[in-house]
Amino acid sequence: MKFANDLKNRNESSTLCGKNIINVLHPLIVQYQQEKLNNKITKKIIMNDPNCSNINTDYMYFMTGFLCDMLNNKGGFQFLYKLLDKSKIPKNEISHFLYTFLKLKQKIKKKLWSYTELELLQVPIDLINKTTNSYTII
């Protein structure tokens, strides 16, 4: 029973910190969304993207795009780290958040997934090259 309670507390703490990170990033994500939708060409591309369920309400789509763009730009990782650190997010939570996102990016690039990830994340078949049990994010 102790293990189950410890796990529950850890998950609640992790979820709370994840919400804190998203709250800090929220204004930047909204700004990113507005910039993308104000550009006619980008807006048309997004409207035709099957991954975007609704250009006005698909927050996860724009959050993912924002994080990808930030982490692909020189200095983006450091910018995010410093922003979250300045906002009093614990360093270990910042590192975990950024590491998990970078690992997900690598998994998409290498098309390397565990069976659990394939099921939980509903990974499209064209993003699967190999399966693994040792290189997981979940």
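Reply: Let's start with Phe66, which is buried in this predicted model because its relative accessibility is 5%, and buried here means under 20%. Its ring has a partner: Tyr32 and Phe66 form an edge-to-face aromatic pair, with 5.9 Å centre to centre and 70° between the planes. Tyr32 is in helix H1 and Phe66 in helix H3, 34 residues apart, and the pair links distant parts of the chain. Tyr32 is buried too, with a relative accessible area of 14%.

By the rule used here, the count of aromatic pairs comes to two. The other one brings together Tyr61 and Phe62, again edge-to-face, with 5.2 Å centre to centre and an angle of 85° between the planes. Phe62 has a relative accessibility of 2%, so it counts as buried.

Now step back to the core itself. The largest nonpolar core has 23 residues, and those touching the most other members are Leu25, Ile46, Phe62, Phe66, Leu67 and Leu80. At least two core residues come from each of helix H1 (2-38), helix H3 (59-72), helix H4 (76-86) and helix H5 (91-110). H3 gives the largest share, with seven residues.

If you leave aside its neighbours within four places in sequence, Leu67 is in contact with Leu25, Leu80, Phe97 and Phe101.

Cys52 is buried, with a relative accessible area of 9%, while Cys68 counts as partly exposed at 24% relative accessibility. A search of the whole structure finds zero disulfides.

Most residues other than glycine have a negative phi. Lys88, in the loop between H4 and H5, has a positive phi, near 70°. Its side of the story at the surface is simple: Lys88 counts as exposed, with 75% relative accessibility. Lys111 lies in the loop between H5 and strand E1 (112-113), and its phi is positive as well, near 55°. At 30% relative accessibility, Lys111 counts as partly exposed.

Here is how these pieces sit in the whole chain. The secondary structure comes to six helices and two strands, in the order α-α-α-α-α-β-α-β along the sequence. Of the 138 residues in the chain, 28% are buried. Among contacts between residues at least 6 apart in sequence, 42% join residues at least 24 apart.

Finally, a word on confidence. The average pLDDT of the chain is 82, and 84% of the residues score at least 70. Residues 1-15 have a pLDDT below 50, and this stretch makes zero contacts in the model beyond near neighbours in sequence.

Definitions and conventions
Residues numbered from 1 in each chain as written. Predicted model: local features only at pLDDT ≥ 70, side-chain atom pairs only at ≥ 80, totals over all residues. Heavy atoms only, no water. Helix = DSSP H or I, 4+ residues; strand = E, 2+ residues; numbered from the N terminus. Buried < 20%, exposed > 50% of the residue type's maximum accessible area, 1.4 Å probe, protein only. Contact = heavy atoms within 4.5 Å. Disulfide = S-S within 2.5 Å. Core = buried A, V, L, I, M, F, W, Y, C linked by side-chain atoms within 4.5 Å. pLDDT = per-residue confidence, 0-100. Phe/Tyr/Trp six-rings, centres within 6.5 Å; stacked < 30°, edge-to-face > 60°.
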